[in-house]
Structures are given as C-alpha cells and as structure tokens.
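Please open the model in your viewer and keep the selection tool at hand. The tour below moves from one selection to the next and says what is found at each stop.

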Amino acid sequence: MNRADEDEYRQFVAARLQPLRRTAYLLCRDWHTADDLVSITIGKLYRHWRRVRAAENVDAYVRGVLTHAWLDERRRPWRRERSTDELPEQADLVMPEPSLADREMLLDLLGQLPPRRRAVLVLRFYCDLSVEETAGILGISAGTVKSQAARGLDALRLLMTGAPSARGELS
C-alpha cells in the first residue's frame with residue numbers, strides 16, 4: 001500500500017471507528033468482543049483497501065465485513081460460553097442515563113434472537129440500511145430480509161409483552 005492509500009485508509013478508520021464499535025456491540029452485546037470484531041474488520045480492510053475503496057458503498061461494504069466477522073466468531077467453540085448466576089468480584093460501573101433500562105431491556109431481548117435474525121434487525125433498524133443493502137451484506141434475498149425482520153420484530157414484541165405473536169413463533 002502506498003503512502004496516499006495508507007493515509008486515506010487511516011482517515012476512513014478514524015472517522016468510522018466509533019460507529020463500527022457501536023454496531024459490533026449491538027451484534028454481540030459485549031464491549032470486549034466488539035473491540036475484537038472491529039480489530040478483525042479494520043485488519044481485513046487494510047489488507048484489501050484498494051478493493052474496499054472501489055466499492056460502490058464503502059460503508060455498506062465495511063458493515064458487511066463486520067457482520068460476517070461476527071457470524072464467524074459465533075461459530076467458534078470458545079464463543080459458546082454461557083453466563084453464570086455468580087456475580088463477578090468487581091462491580092460494573094453504570095452510566096446514569098434516563099434510557100439505560102430501556103437499552104438494557106432491548107439488548108437482552110435482541111440477545112434472545114437467533115444470530116442471523118439479530119443481524120437483520122441491527123442492520124435494518126440501527127444502521128438504517130435498506131432491505132436491498134441488508135440483503136447484499138448478508139448474502140440473502142430481499143424477501144428473506146423482509147421476513148426475518150418481520151419475524152424478529154414479532155419475536156421482540158412477544159418477548160417484551162409476553163402476549164402471543166401473530167405468527168405464534170419465536171424463531
């Protein structure tokens with residue numbers, strides 16, 4: 001990579017680092033894993049920067065790399081850990097925000113969805129991507145994105161209210 005390309009890459013990463021980190025957190029619900037995912041993503045971007053910057057929509061391409069990195073990490077055996085009922089020895093610092101309880105509830109609800117469905121919801125509604133952009137990133141059809149988004153929202157409603165869903169299913 002020549003100097004100009006490297007400078008362009010650094011500027012791109014510096015401008016997009018926090019949004020990438022937030023998106024990664026929404027996918028995996030763990031800041032440490034989110035940082036790992038962002039590191040994997042920016043490493044892949046560096047290796048393929050010429051191809052990346054030639055993409056029609058660079059941000060969508062990068063979100064796709066991030067999403068695929070998360071899905072790959074989900075398949076790894078060491079990521080199948082489960083939390084326990086025991087409290088950690090150090091207390092977590094909670095930031096006082098009025099909507100923190102709502103955010104935590106939404107994250108817990110998202111965490112109960114299957115990974116692909118969660119990815120569709122995060123890309124569609126958090127990243128505000130179109131159906132077509134989401135389909136392109138995940139490598140699925142637009143119809144699948146629509147049905148997964150509808151089922152995901154329905155499952156979130158069911159989980160939140162405890163009321164029966166219109167489709168009668170969670171997955």
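Begin by selecting Y9, F12, Y46 and W49, which form one aromatic cluster. This is a predicted model, in which local features need pLDDT of at least 70 and side-chain atom pairs count only at pLDDT 80 or more, while totals for chains, interfaces and linings use all residues. Residues are numbered from 1 along each chain as its sequence is written, and side-chain values use heavy atoms, with hydrogens and water left out.

Stay with the rings for a moment. The structure holds 4 aromatic pairs, where rings of Phe, Tyr and Trp (its six-membered ring) pair if their centres lie within 6.5 Å, and where planes under 30 degrees apart count as stacked, over 60 as edge-to-face and the rest as tilted. Y9 belongs to helix α1 and Y46 to helix α2, so the pair ties together parts that are 37 residues apart in sequence; helices (H or I, at least four residues) and strands (E, at least two) are DSSP runs, numbered from the N terminus. Y9 counts as buried at 10% relative accessibility, whereas Y46, at 36%, is partly exposed; buried means under 20% relative accessible area, exposed over 50% and partly exposed in between (1.4 Å probe, protein chains only).

Next, select Y25 and W31, whose ring centres are 4.0 Å apart with planes at 10°, so this pair is stacked. Y25 is buried, with a relative accessible area of 15%, and W31 is partly exposed at 37%.

Now zoom out and colour by secondary structure, which shows 8 helices and 0 strands. Of the 171 residues of the protein, 35% count as buried. Among contacts (heavy atoms within 4.5 Å) between residues at least 6 apart in sequence, 62% join residues at least 24 apart.

Which residues touch the most other members of the largest nonpolar core? Select F12, L37, V62 and W70, which do so within a core of 41 residues; such a core is a set of buried Ala, Val, Leu, Ile, Met, Phe, Trp, Tyr and Cys residues joined through side-chain atoms within 4.5 Å. At least two residues of this core come from each of α1 (3-28), α2 (31-47), α3 (49-53), α4 (58-75), α5 (100-111), α6, α7 (131-138) and α8, and the largest share, 9 residues, comes from α1. In soluble globular proteins, nonpolar side chains tend to be buried together. Centre the view on V62 and, leaving aside its neighbours within four places in sequence, look for its contacts with F12, L20, T41, L45 and V52.

Then display helix α6 (residues 115-126) with helix α8 (residues 142-161), which pack at an angle of about 100° with their axes 9 Å apart. That makes α6 roughly perpendicular to α8, a term covering angles of 65 to 115 degrees. On the α6 side, show R117, V120, L121, R124 and F125, which meet V145, Q148, A149, R151, G152, L153 and L156 in α8. By class, this contact has 7 nonpolar, 2 polar and 3 charged residues.

Finish at R157, also in helix α8, which is partly exposed with a relative accessible area of 49%. Draw a distance from its C-alpha to that of L109: R157 and L109 are 9.2 Å apart in space and 48 residues apart in sequence.

Note on methods: Axes fitted to C-alpha atoms, helices over the stretch in contact; angles between N-to-C directions. Parallel < 35°, antiparallel > 145°, perpendicular 65-115°, else oblique. Nonpolar A, V, L, I, M, F, W, Y, C, P; charged D, E, K, R; others polar.
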